[in-house]
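Let us walk through this structure one piece at a time. Keep the sequence and the 3D view side by side as you read.

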Amino acid sequence: MRAAAITLVTALHEADADRVAARITTGHRMHVDGSAFAAARAVAERADHLDRVCGPDADHGLVVTLRPGSDARAVGMMLANAARSETGDDRVLRHVVGVLPADDVAHLLWSDVDDAFVAADRVASLVEYATVIALDRLAPLSLHRRRALVALLHRLAPQAVIVALPALRTARDLPASNGGAARVLASGAGWMRALSSGADTGRDARDDLVAMRYREPLPFHPGRLATVIERDLAAGSLGRVLRSKGFFRLASRPDHVGSWSSFGAMLALDPTANPSWDADAPIGQALWFVGERLDVRAIERALDGALLTPPELLAGPDLWRGWADPFPVWPAVDPASEHRHE
């Protein structure tokens, strides 16, 4: 597999991915369905075939469209890992291009819609695991909203180049790449950088956004956390949270680490495959928030108030399990079938 041969294209709608792929294809193109593993295997086989037919010195760039909802991050990292094991060089991925309708994304972020979880999750993944974000349908947005959206996308995906879709006409309009896009996918999202290094916290003078990191070793009390989510994290006097992501511990569910993910008004609290006693599991709360005019100190105080008190902590998990828990029941998690925490 020749280094830097592959570009992945993802979108909310297959027609948008096809349209962009047609513009940036220089020779070879394919579409893949199925799981991330099946998709990565199909792409690797096609790239190897092109290498044999065209010769290792030929520039046989391959543009791949993924079906909506595919895990582009997993596909890209699998391709890089396979190449590293075969050749010692993991530089096989030029870009991951995410195509997004700007007006739909802005609606999810700034409206009060709270039931579009699938769309929100797909948008977040497209943004945070892309090296190029192509925005379509910018015209319906006001100049203020357009600037706010672009500023937020830069926070969510600091590694990505953001372009208006009409400006992406050919492959020459893509930024230069050394083929190391998969390395960016591994830890390049804004929330990953913030939780690992403290990067991107505080206020940016160039926009109205404020980012904060919340780390505490204690678990949350389920009832008090539900109150904080409803009263303090909803858009209001403490600002508007546009995106939050990370890991959390809920005392009433002590066996697994939880995954926290919000986009606009939608918040999903799901289990991960990490048992709480796993040495690699995050400790306590590790959350990143970004939004407009966030009152960081007030949000921190609210979250602190949802943590277990010393007497509650000493009571232990057997008592915690019996507490009233207002959150949806988590399905049973099979660690063998789930990804580990990111």
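Start at Trp260, which lies in strand β10 (residues 256-263). Helices (H or I, at least four residues) and strands (E, at least two) are DSSP runs, numbered from the N terminus. This is a predicted model: local features need pLDDT of at least 70, side-chain atom pairs count only at pLDDT 80 or more, and totals for chains, interfaces and linings use all residues. Residues are numbered from 1 along each chain as its sequence is written, and side-chain values use heavy atoms, with hydrogens and water left out.

Is Trp260 buried or exposed? Trp260 has a relative accessible area of 0%, so it is buried. Buried means under 20% relative accessible area, exposed over 50%, and partly exposed in between (1.4 Å probe, protein chains only). Setting aside neighbours within four places in sequence, Trp260 is in contact with residues including Leu225, Phe248, Leu267 and Phe289. Contact means heavy atoms within 4.5 Å. Arg147 is another matter: from C-alpha to C-alpha, Trp260 and Arg147 are 27 Å apart in space, and they are 113 residues apart in sequence.

Ser259 is also in strand β10. With 16% relative accessibility, Ser259 counts as buried. Beyond its neighbours within four places in sequence, its contacts include Lys245, Asp270 and Thr272.

Now turn to helix α1 (residues 14-24). Its residues Asp16, Ala17, Val20, Ala21 and Ile24 are buried. Down the axis of α1, these buried residues fall within an arc of 130 degrees, so they line one face of the helix. The arc is that of the directions from the helix axis to the C-beta atoms. An α-helix has 3.6 residues a turn, so residues three or four places apart point the same way. Among the elements covering the buried residues of α1 are β1 (6-11) and β3 (62-66).

Next, look at two helices together. Helix α4 (residues 102-110) packs against helix α6 (residues 143-156) at an angle of about 80 degrees, and their axes are 11 Å apart. Axes are lines fitted to C-alpha atoms, for helices over the stretch in contact, and angles run from 0 to 180 degrees between N-to-C directions. That angle makes α4 roughly perpendicular to α6 (under 35 degrees is roughly parallel, over 145 roughly antiparallel, 65 to 115 roughly perpendicular, the rest oblique). Where do they meet? Ala102, Val105, Ala106, Leu109 and Trp110 in α4 meet Arg145, Ala148, Leu149 and Leu152 in α6.
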